[in-house]
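Here are my notes on this model. Please read them with the structure open.

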Amino acid sequence: MSDVDSAGAPPRADAGPSRGRRLTITTTAIGGLVLSGALGPFVQAPTLWGLVPIVLYAALALLGMDIMVATVVAVISALLIMLPTPAEIGELLGESLGDQVTVIGLVIMLGAGVGEILRSTGIAATIVRGVMRVVGERNRTAATLGVMVSCLLLVASLGTLAGALAIAAPLLLPVVARLGFTRSATAAMMFTGGCAGLALAPFAGSNVAIMSAAEVGYLQYLLYGAGPLAVLSLVAGLVIVPWMQRRTEGTGDDYDAADLGATDDAPKRGSGRATAAFALVLVASVGYAIASGAGTTFPLLALPLMGIVAGLVGGLSPTEIAVQMYRGAARLVNVFLLFWLLAVLFAGIDELQPFQVILDTYGTDMRGLSPFVFALLIAALGWVGVPGATAAQVVLLDKVFGELAASLGISAGAWVVVLLFASKADTYGPFPNANMVGSMSLARSTNLKNILLTGFALLVPCCLMYAVILFFETS
């Protein structure tokens, strides 16, 4: 995937990386692969050297390498360290096709298909006109807050970031395109609001695990952990998004408003009725997902259903609906391939088990510490050593350190903060992850460096805020 994605992004105004930057990128990639090849014959899992592929990936992304090329390099690095047989490589590739990360890529493709239906039926333009009447043509601050809150509410309701943002993206992109936001700034909005919603989600597995481990209710979980994170995210987003907009404006990172149905053309016949039907199916789908506890895979059914209903009510024939869905989804096939490669990379790192080494090495050396220092170390250990924000990993941290935390006098509120930070902080950095790439891809951006910078900009104040909370809770 290049800096100009297949969704119709205009070419970048700059000439690309300088010769020195290209040389640095190439040297880093080759050096990382040489190191991986040298390590392969001498290391066995679990090994701390398993961090090499993901560190190399982050370095290449920050240097500005094409995201697809950087992902391929990181996958090759992992394979060189693992030294699997050809049969094992084939098995890894096959199993990764069914991985949750790959499913996110498929969901993003389907979201693009629905977006094409909304454009062709005039629903997107109808939504844009309605939003513009509320926020005004030039009120970017209100639009930024509106996008972040919309993503927050939908992700909190569904408990899944990629699935919820895939539903929101076709509605939000025409609005931000009309207001002149860049793709990177839009990705920052969606990522910031979505991650805040993921922390608030009452039915998300990891959040339920945190409440169970700390033996607190949802209100206490909000008070100590998720509430401050959500508020901080929205406030920080109002600073980060304008900064990202200034950083990327005029670089060819813009949307084609006409391609997204965000023009001033006269309303299409029947678009109002189609918009109402689409909204009804959207609300019903979200309500069902909340009631049933459906996860990331639910949008695989909900998105085509919304596209079909919107198309039929909007006057399209079944054949035209299929063509439009295919046309929209086909533009983001490269995103599906990207997420498949990410699934392979993450599976390879799991096989090498570098984080287990960190846990085994430092997990038993924390007795005798002050409550505050202990809490900080467990939070940091979970962040670096147990990535993924899954319920099982929250339970693992609680089983290993829960009794010791209680014996040191750490309160339930402080333990909520520790487990929340330990399970959520890796979403913001320091390494690329599926939530970052998902938000970026749904915004039709290809600049991984900018979404990494967004994550860092959220992570720093988050660390400071939780350190202050822990200090008072453990004093």
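1. A term before the details. Helices are DSSP runs of H or I with at least four residues, numbered from the N terminus.

2. Ground rules. This is a predicted model, in which local features need pLDDT of at least 70 and side-chain atom pairs pLDDT 80 or more, while totals for chains, interfaces and linings use all residues. Residues are numbered from 1 along each chain as its sequence is written, and side-chain values use heavy atoms, with hydrogens and water left out.

3. Length of α8. The helix covers residues 161–178, 18 residues in total. The expected span is 1.5 Å times one less than the number of residues, so α8 should span 26 Å. Its end C-alpha atoms are 25 Å apart, which agrees. Gly180 follows the helix, with a positive phi near 85°.

4. Burial of α8. Of its 18 residues, 17 are buried (under 20% relative accessible area; exposed is over 50%, partly exposed in between; 1.4 Å probe, protein chains only).

5. Met190. Contact means heavy atoms within 4.5 Å. Leaving aside neighbours within four places in sequence, the contacts of Met190 include Leu165, Ala169 and Leu173, along with Leu442 and Ala443.

6. Aromatic pairs. The structure holds 5. Ring centres of Phe, Tyr or Trp (its six-membered ring) must lie within 6.5 Å; planes under 30 degrees apart are stacked, over 60 edge-to-face, the rest tilted. Phe191 and Tyr428 are edge-to-face, at 6.0 Å and 75°. They sit 237 residues apart, Phe191 in α9 and Tyr428 in the loop between α19 and α20. Phe191 is buried at 0% relative accessibility; Tyr428 is buried at 4%.

7. A second pair. Phe372 and Phe471 have ring centres 5.5 Å apart and planes at 90°, so they too are edge-to-face. Phe372 is partly exposed at 24%, as is Phe471 at 42%.

Note on methods:
Helices (H or I, at least four residues) and strands (E, at least two) are DSSP runs, numbered from the N terminus.
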